[in-house]
Amino acid sequence: FGLSKISAEELLARPEPLAWGLAALAKPGKLGRPRLKLEALRKIAAAKIREHHRMLLVNCVETYLPLNGREAEEYASLCSAQKSPEMKAMQLTWADQIEAKGVQKGLQRGIHTGLAKGRERGREEGLEKGLEQGLQVGADRLRSTVLRQLGQRFGTVPVTLRKRLAAIRSVEELGAIADRIFEVGSIEELGLGG
């Protein structure tokens, strides 16, 4: 369709939600990739569409507009500046929604496999620092998911448990905690001193 030749701003200005998802494939122009991603996801989050359609559009943006390094930092900064309910809803990515619906173990296996492949490739190419940053971003996202799941499952998450989770840097350890959330009957059974 020649989407790479179209301005993302043109697609974002259209009234059709599909155009907003396809904006991820268009030229970012003066918006830049981080702001383009934010605007596309913001519009998708606020759209009056069915939830499964929203998930497909978010998946399109997440798949075709990945951000790394400086772009990811700028995107995180733009997101944190947003206070609207759409922004909070937008931060629930397609993967987060599937994970919350019980496909958590498959996602965890994918994360572990992806990290193993990322480690191997990083060593081969000498990108150890990039890998460390990727692991940290993965741990941060996984930590947010764990906190969200704990809140959904058990209500308010105690401050001491939040601090304990903030101190965990290992994706594997966070993944193990995420795996157990739906297996335990209370937060205390996780054994994290919460």
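Tutor: A salt bridge is a side-chain nitrogen of Lys or Arg within 4 Å of a carboxyl oxygen of Asp or Glu, and by that criterion this predicted model holds eight salt bridges.

Student: What makes arginine 33 and glutamate 71 a salt bridge?

Tutor: The closest N and O atoms of arginine 33 and glutamate 71 are 3.0 Å apart, and the cut-off is 4 Å, so the pair qualifies. Arginine 33 lies in helix α3 and glutamate 71 in helix α5, so the bridge ties together parts that are 38 residues apart in sequence.

Student: Why are arginine 33 and glutamate 71 called partly exposed?

Tutor: Arginine 33 has a relative accessible area of 27%, and glutamate 71 likewise has 27%.

Student: Why is glutamate 39 called buried, and arginine 35 partly exposed?

Tutor: The relative accessible area of glutamate 39 is 18%, and buried means under 20%, so glutamate 39 is buried. For arginine 35 the value is 32%, which lies between 20% and 50%, and therefore arginine 35 is partly exposed.

Student: What makes glutamate 62 and lysine 37 a salt bridge, and which parts does the pair tie together?

Tutor: The closest N and O atoms of glutamate 62 and lysine 37 are 3.2 Å apart, and with a limit of 4 Å the pair therefore counts as a salt bridge. Glutamate 62 lies in helix α4 and lysine 37 in helix α3, so the bridge connects parts that are 25 residues apart in sequence. Both glutamate 62 and lysine 37 are buried.

Student: Which residues touch the most other members of the largest nonpolar core?

Tutor: Leu12 and Leu36 do so, in a core of 24 residues. Two or more residues of this core come from each of α1, α2, α3, α4 and α5, and the largest share, five residues, comes from α3. Beyond its neighbours within four places in sequence, leucine 12 is in contact with residues including Trp20, Leu31, Leu36 and Glu39. A second, separate core of 19 residues includes Leu142, Leu150, Ile177 and Leu190.

Student: Why is phenylalanine 154 called partly exposed rather than buried?

Tutor: Phenylalanine 154, in helix α8, has a relative accessible area of 24%; buried means under 20% and exposed over 50%, so this residue falls in between and is partly exposed. Among the residues that phenylalanine 154 touches, not counting those up to four places away in sequence, are Ile181, Val184 and Ile187. The C-alpha atoms of phenylalanine 154 and isoleucine 181 are separated by 9.5 Å, with the two residues 27 apart along the chain.

Conventions:
Residues numbered from 1 in each chain as written. Predicted model: local features only at pLDDT ≥ 70, side-chain atom pairs only at ≥ 80, totals over all residues. Heavy atoms only, no water. Core = buried A, V, L, I, M, F, W, Y, C linked by side-chain atoms within 4.5 Å. Buried < 20%, exposed > 50% of the residue type's maximum accessible area, 1.4 Å probe, protein only. Helix = DSSP H or I, 4+ residues; strand = E, 2+ residues; numbered from the N terminus. Contact = heavy atoms within 4.5 Å.
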